[in-house]
Amino acid sequence: MNINKSNPLLLHPLNKWMKKKKWSWFPHQIETFQHVQSGSDVVVFAPTGAGKTLTGFINPIDNLIKLKNFKGLHTLYISPLKSLANDIVRNLEKPIKELDLNISFQVRTGDTTPYKKQKQKQKPPNILITTPESLALLNSYENAKEFLQNLKYIIIDEIHTFLDNKRADLLSLNIERLQTFSPNLQRIGLSATLKNKQDAKKWLCRKKPKIVSYENSVLPKIKILESKERIPWSGHMAMYSINEIYKEIMKSKLTIIFVNTRAQAEYMFKNLWLINKKKLKIAVHHGSLEKNLRLKVENNLSKGLVDCVVATSSLELGLDYGDVEKIIQVGAPKGINRLLQRVGRSNHNLSTPSKAILVPTNRFEFIEAKAAIEEIKKNNLDKIDLKKGSFDVVAQHIFATACAGQFDINDLYKEIIKAYPYKKLKLNEFKQLINLIQDGGYVLKNYDQFKRIFQLRENKNIYKLVNRRETRKYRMNVGTIIENPMLKIKLGTKTLGNIEEVFIQNLSQGDSFIFAGQVLEFQSMKNNLVQVKRSKSLISKIPSYSGGRMPLSTNLANSVRALLAKSNMWDLYPEQITEWLKRQKNISKIPKKDEYLVEQFPRKKNFYTVIYTFAGWHANQTLGFLLLRGFKEFNYKPLGFVANDYAIVLWSLKEVKEIKTILNLGLLDKHLDNYLEETSIVKRLFRDNAIISCLIERRLPGMEKTGKQVLFSSDLIYTVLKKNEPDHILLKSSYEDAKKNMIDYDRLREILKKIDKKIILKKLTSISPLAVPIILEINRENLSKKETDEYILEDLENEILKEANVLSIN
Amino acid sequence: MYYQLINFGNEEFHAYPDKSLYWKRLNTLIVSDLHIGKSISYAKNKQFLPPYDTKEILNKIFVSLDKIKPTNLIIVGDLLHDVFSTLSLKDQDHKNLSQYMKNTDFIWIKGNHDKNIQIEGFKNFTNYKIDKLLFTHIPIETSLFQICGHYHPKVKISHRGKTIFKTCFIHNEKIFILPSFGILTGGLDIHSKQISDVLGKNNLNIYPVGQDKVYKL
């Protein structure tokens, strides 16, 4: 690295330690140090392995040494994960202990004991490493100001994970609170590299905002698994390549296999075991597994005691697993950032490239994988869209504020709108949220004598909590992460993990399913515990977790379209893919980058319309529902639809003649409200909103109420509210959440705005090669209910292929 | 309104999708577990449910009374959620109630939630016998046929890979349990121990309540 004489870090207290370790300072560390010293808030973008954690601590440590014997809290470090917080402590410990610096540091998360928390309050450390939720709790204590008023620095780690979700909203509000307590507070953000760096800066920085960026010049080596087998037309389980994946594991010392859903993780794990002739140590890791099981896997991973771990996003962030040699991504990458994050889990050494193999599970995914590799070469990352702050999080924050003591609503409002996500929060919206915390905020005033916060008689702007007992309720409900109702799985007396209640409801006694890599038989459910025993059954269900599906990023979708259109590239693909695309070109058409191909053909008495939008699963799902309504209006008698990331297929009794008249922006404006009304999307999100805003209480261990009952009663509340007070702020909030998350409103709107001029309509006599994958999904969806095995699917696939007259491809 | 015909205790009843039961021979309407004022009772613990339940429940019952014009209205317990609930009955509600009481006898069988509460115009009973039928909130030891409430039964229905819960009317040979007529009232699975202890597990007649129709399983 370029160390010159003017490097101010050569005088830094840590320099001695760096020298001892034979390490040198990175340019971005020098730059950050200088910016922060001159009073700037800074966001640092650097890849893993570039000393990011240390970068954050350079200024705090320097300042603490200069201040000599500083008493009290000096620096807060916010980590997205509890496990990561512990890791940070271990990293910080080394230089501080070895140099015998007079700096105290501790961790404070949900896992910290109440005793230790109490001690921290009495005698705070100089550096506290914590999470957004624990920070919110800290701010809600009566003596919060006293505790936090001398704070000099706040460091936000992995800031890119905080930009587009409700946790970001919560964090932003609490940072502004800290700034109020301690006006001189400086902010340092640490991030993986990002496309829209300016947005991250806007979100975090207030004082002389600065960006520091360090790009890794060593690109990762990513390739697609070269398979001798036939890549399936559709499906998501990659069974065709299981033997080849196994060979790849054997070739490397330590491999992480990333999959996209928990169900895929269980499936992949089980099937690797079935062929595990070399007795490799293979483990599985996902968010539903019991904490101890997860910790055991993580521990074995960091010590290199396993050969392979099959994981979901649960292992994306977190500890440094230095020995991981290879990443295998099974299934669609879905987004560039995500793929890079995963690939970066291998080989935490900047000078050697990370190695990864992509395993597409179907033909579209092959194109997607190819496109992702191209984009990574060009360093074309996904944009992370900053979100507008959610109302329910403000409500929770108001409650927290009241717990800390009486407050002036004008001061609070002014503080809240300093937070970037809430710049545009209107005063009347804020007042509605005050009312929501006060008594539910209903037009019908029935609860005057039961208020939770009340206005002082002498000053109507000052609100106060009605009694201290309420603080306990706030503390039980803090945070923005709402899990689906889950049940504990018990094998004998051992807890294996949590499973979605919805899945268990569909099981009968004796049914078997795969969980934690074992085939289990469902025995009974009592007191929210699911009793299971080991099963020898070969037919088993795999729990489907509703949160598992994330849509294809717009960036990658555009790249897929571009790549598809580049026919001069096709010859570089495996023969089966090339043939597939060539057939499509002959029979129908390959859409150009900005075209929207629509194919129509008759099949088995019905009429099929396939639209290739590449809009991602959520937007396509929404479009499918809207088109059903549009088709109904034109009396085409639609029967159903299926959507995936790339396309939508609808089938109807009558020929759809006016597709160009239906498929445009008018469709969205006309039918969206109806759609939201009829499906349970808003209703489901209302539950999250009601819990986050503390209108109803969260299910907690030991409480009699089951998750199902919470769900049930929030449904009732939704129904009553919708009928009597459709303008209630929580309904508005749920509706906005739906637009953003579940239906991908903005993305769909963008597409529909321009689609009518770009439609390429192809009337065909039968199914096209490009349509085969999605048509197969129709049948798969219907078949899965009957527990049909792969043979039948194979059979069906052949039947459809014959129909498409493309059987010769294989 | 469509109704489902139910034979119980050698009598014919009509089960309505609004969760009321009609005994035609005696022109008697039967409802249970209204839990009026549940919202206000929760509000005292700072759980602010939408305060419209009382209004909606009363409207629902008035609509039914207007249509059927019964001689008797039997409430099989838990008319009110608790002592605080009376706060949610406004003057106008009392006026409306006394209007309806001119043509209909209101027979209020006390439940566990409202046993110590009085409302003007209502006749209070611990249970009420007509012929071979006994109306009581919770079933008791008796040779009579009993019509009860209390349990808020709901049934789990699994079909084509989907599972739903539906409020239901349910009875065996001797005991009939009404669903809750309330708005913010939850339900209890009919296979839970509490209900099995009362009805047993076999020979159950189950009638799930749909949007506009009461079904028969």
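Chain A exposes about 34,700 Å² of surface, and carbon and sulfur atoms supply 50% of that area. The model is predicted. Chain A has 810 residues, of which 59% are buried. Chain A also meets a partner: 33 of its residues are in contact with 30 residues of chain B.

**Overall form of chain A**

- The radius of gyration of chain A is 28 Å, and a compact globule with 810 residues would have one near 28 Å, so the two agree.
- Along its principal axes, the C-alpha trace spans about 80 × 70 × 60 Å.

**Inside the fold**

- Chain A contains 30 helices and 26 strands.
- Take the contacts in chain A between residues at least 6 apart in sequence: 74% of them join residues at least 24 apart.

**Charges**

- Chain A carries 132 positive and 86 negative charges.

- The size of an interface is often given as the accessible area lost when the parts come together.
- Between chain A and chain B, the buried area is about 2,700 Å². Carbon and sulfur atoms give 58% of this buried area.
- Three residues stand out on the chain A side: Tyr447(A), Phe450(A) and Val720(A). Together they supply 24% of the area that chain A buries against chain B, more than any other three residues.

Key
Residues numbered from 1 in each chain as written. Chains lettered and ligands numbered in written order. Predicted model: local features only at pLDDT ≥ 70, side-chain atom pairs only at ≥ 80, totals over all residues. Heavy atoms only, no water. Helix = DSSP H or I, 4+ residues; strand = E, 2+ residues; numbered from the N terminus. Rg over C-alpha atoms; globule rule 2.2 N^0.38 Å. Buried < 20%, exposed > 50% of the residue type's maximum accessible area, 1.4 Å probe, protein only. Contact = heavy atoms within 4.5 Å. Areas by Shrake-Rupley, 256 points an atom, 1.4 Å probe, with all protein chains shown as cover. Lys, Arg positive; Asp, Glu negative; His and termini not counted. Charge placed at Lys NZ, Arg CZ, Asp CG, Glu CD. Buried area = accessible area lost by both parts, 1.4 Å probe.
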